[in-house]
Amino acid sequence: MGKKYVYFFGAGKAEGTGKMKDILGGKGAGLAEMTNIGLPVPAGFTISAEVCDYYYKNNRTYPEGLMEEVEANLKRLEEVTGKKFGDPSNPLLVSVRSGAAVSMPGMMDTILNLGINDEVVEGLAKLTNNPRFAYDAYRRFIQMFGDVVLGINKNEFEAVLEEKKKERGVQWDSELTVEDLKEIVKKFKEVYKKYGYEFPQDPRKQLDMAIEAVFKSWMNERAIKYREINDIKGLLGTAVNVVEMVFGNMGEDSGTGVGFTRNPNTGEKEFYAEFLPNAQGEDVVAGIRTPMKIDELKKRLPEVYDQLIKVAELLEKHYKDVQDIEFTVERGKLFLLQTRSAKRTGYAAVRIAVDMVKEGIITEKEAILRVQPSHLDQLLHPMIDPSEKYDDKVIAKGLPASPGAATGQVVFFAKDAEKWAKEGREVILLRPETSPEDIGGMHAAKGILTARGGLTSHAAVVARGMGKPCVVGCEDLIVDEEKKIAKTKDGKFTIKEGDWLTIDGKTGYVISGKLKLVKGEISGYFAEFMKWVDKYRKLGVRANAETPEDAKKAREFGAEGIGLARTEHMFFGPEKERILYFRSMIISDTYEERVKALNKLLEYQRKDFEELFEIMEGLPVTIRLLDPPLHEFLPHEEEQMKEVAKELGVPFEKIKERNEQLKEFNPMLGFRGCRLAIVYPEIYEMQVRAIFQAACNMKKKGKDVKLEVMIPIVAEVKEFAYLKKRLGQVAKEVMDKEGIQVDYKFGTMIEVPRAALTANEIAKEAEFFSFGTNDLTQMTFAFSRDDIGKFIGSYKSLNILEDDPFKTLDVKGVGQLIKIGIEKGRSVRPDLKVGICGEHGGDPASIMFCHKVRMDYVSASPFRVPIARLAAAQAAVLDEKGELPVD
């Protein structure tokens, strides 16, 4: 017997289980699991995602025996349902739906009502005694099949539909008569002919074409983009689910809906759902009609409502997580079409995790793994500044679909949102409703606003997953895409492309103009959750900060010190004199002139360090001495050089000449960091004098100072030893003069491959290492961080690299250098403190690696400190389980 590719479910038994997501996809695994636990699920079968993998690896062909397996399962489906595929007297209709292991809402394709043709539609009309339903199902199938399988522009079909509604003077599809639908079917077939196709009357041919279309949709533009945006990798592809159709469009005792076992917006424990009577599932998900609250189902069909609530409770208890459920009611009977782990906002994720621990459903450690680092990013999302008064500026109100506030210029098309965002503009994407094709624009936009659609529409679900503020179903607005305008129904306000709007995803308000936004804060559920995070993590988390504002914010967000204070940023401080004094030093010709200029800077530097020590009292502060080459502090344009010459009172030629002298072919590998200090030691001496004066002053005030001085770009131990000795003497002079002893360490940044390889020598002198992974990555790959944008897109799409190595640490290369550096360093200094202070210090995947190689801490930008804390805790929990996802 060959390999099994098709898994059946029906009559209370399934061949698959909920644990088989990798091959059955989330949808198939959910259908199998719900069948096995006795829930009302229509019968069907799932074609494994392994087929999709084979299809793309073997020139778009199928494995041997697949179609025979499909045929056998189709026969089994006929037996279980008592219906026959293609038989007008008792027809079996099916849906053909995608489903990958990771939920990708709306990104791949679905076809409903498959198996219908000119004969079957008549049989269906007689069998159900409902000709309107039969022809509604037929026109829907012709449209979906043409769009999804043959690539006919769906607007062609929409135009026919709109024309008929206009002719009949009705608003909704459900108001069209049988005769109207028959005419529409006829015109739909003419659309096929216009594109050179005949509508296929053979149901078996329809099925084969639909299965291939779903596999093809794995590599459509929107699916690829969604995987890129959400960093989804390593999947086999999509499975294909062929399921007996159940019909929500059979009359007023039928309908369709989507529900969440808890509110995915706020995390509140309530059944959060919407229902559309006499409709099919696509009507809800696509946002074509704005659905009703679930109370409508309670009014119409109370028994079905009660059953649905019990099912929701059972599923949440079974999966121990919030579920997103799709359901259909056919003539008063409930069917479950899907269950999956619900997409949720950051706030909801944290609240749900905390509540489920309190309810005894999950443990604290499980709660830590439930919340994604990106969720915390959302929690720190902007909100409208409470001091803003905007009551008179509210022009419309929609449904609050994803929290946070956003302000931007309005665009009406996704492509424009992408274009404008690339130009550095903030945009709000305003659409009648969004579709999967809009994914790129949704990602680029600051916020999303739709005129139609409910809280479970495509726009709402995707925006929540992205953490974007979103307002949907804003029916106060009439959108004219062609003219790129939207008007309020009362005619009082017109929104044009480029106008500034602010939306509030918490209240649903749409506000004219650009309002001031403020970042969120850690409190309530968030604060409680972060206590658990800190309880289980092993890695320390510090912040990259050199301004008082950043240092305060870092401490507020739970930083345990400063891992990187970049002193060169201080030269561009609020007082203009700082940069003037430093430039004066750069153009000086003698040691005496340089010292004179640097002494003027010393006072500013000392005050800067005093502020940092005060804010971070009792916590370590790592101060990196000057790193960049000197030419970076001089202007390069002639007009600016003339201006600086005037400010410094020197001839223009002097600035120009010094610029020429300092010019370098490759500044990253040039005259910078410790190299600069070896030639011009007076620069570091001034900085060290300022640092130790500040530390002594704070100690006199009774403050606890923990000082670490870091020398950058060291490649050879003798560089470090020379500077450590010289700067140590300066530190001693200051402390002797002040009569104060400060605890301090001298350490280095490991950012040159040679430093990692000779770390055992460097560690004899250096008391701590901080891996500067930005430069270490540049030097290991020979990639320029500033120029990688020109080719990284191609590298990722061709699978040469999985990630941008400046965003996520390259474990195989750069990671090995780090590992070697730590092992060699600790071989001679077992208590060597080791951290990381590049951009990778705030990247969750990189933090997993930092935990594995037993670093002491990571250092991230202030707003990424909570994310780093969570990632560190997740690494510890996964490590305990033996599931750390790194090589």
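A nonpolar core is taken here as a set of buried Ala, Val, Leu, Ile, Met, Phe, Trp, Tyr and Cys residues joined through side-chain atoms within 4.5 Å, where buried means under 20% relative accessible area, exposed over 50%, and partly exposed in between (1.4 Å probe, protein chains only). The model is predicted: local features need pLDDT of at least 70 and side-chain atom pairs count only at pLDDT 80 or more, while totals for chains, interfaces and linings use all residues. Residues are numbered from 1 along each chain as its sequence is written, and side-chain values use heavy atoms, with hydrogens and water left out.

The largest nonpolar core holds 216 residues, and the members that touch the most others are I47, V96, F529, F613, I711, I818 and M855. Helix α27 (residues 681-700) gives the most to this core, with 11 residues; helices (H or I, at least four residues) and strands (E, at least two) are DSSP runs, numbered from the N terminus. Another core, of 25 residues, lies apart from the largest one and includes A32, V304, V329 and L334. In soluble globular proteins, nonpolar side chains tend to be buried together.

With neighbours within four places in sequence left aside, I818 is in contact (heavy atoms within 4.5 Å) with F771, T773, L776, L809, F849, V853 and M855.

T808 sits in the loop between α32 (792-797) and α33 (814-828). T808 counts as buried because its relative accessibility is 9%. Its side chain makes a polar contact of 3.3 Å with that of D843; such a contact is a pair of N or O atoms within 3.5 Å, and within protein one must be able to donate a hydrogen and the other to accept it, while residues adjacent in sequence count only if both atoms are side-chain atoms. Beyond four places in sequence, the residues in contact with T808 are D803, H840, D843, A845 and S846.

Turning to the strands, an open sheet of eight runs in the order β13-β23-β22-β15-β16-β17-β18-β14, with mixed pairing; two strands pair if DSSP finds at least two bridges between them. At the edges are β13 (394-397) and β14 (399-402), each pairing on one side only. Strands β22 (residues 500-504) and β23 (residues 509-512) pair in the antiparallel sense over three bridges, and T502 has I511 in β23 as its bridge partner.

Finally, E158 belongs to helix α6 (residues 154-168) and is partly exposed because its relative accessible area is 29%.
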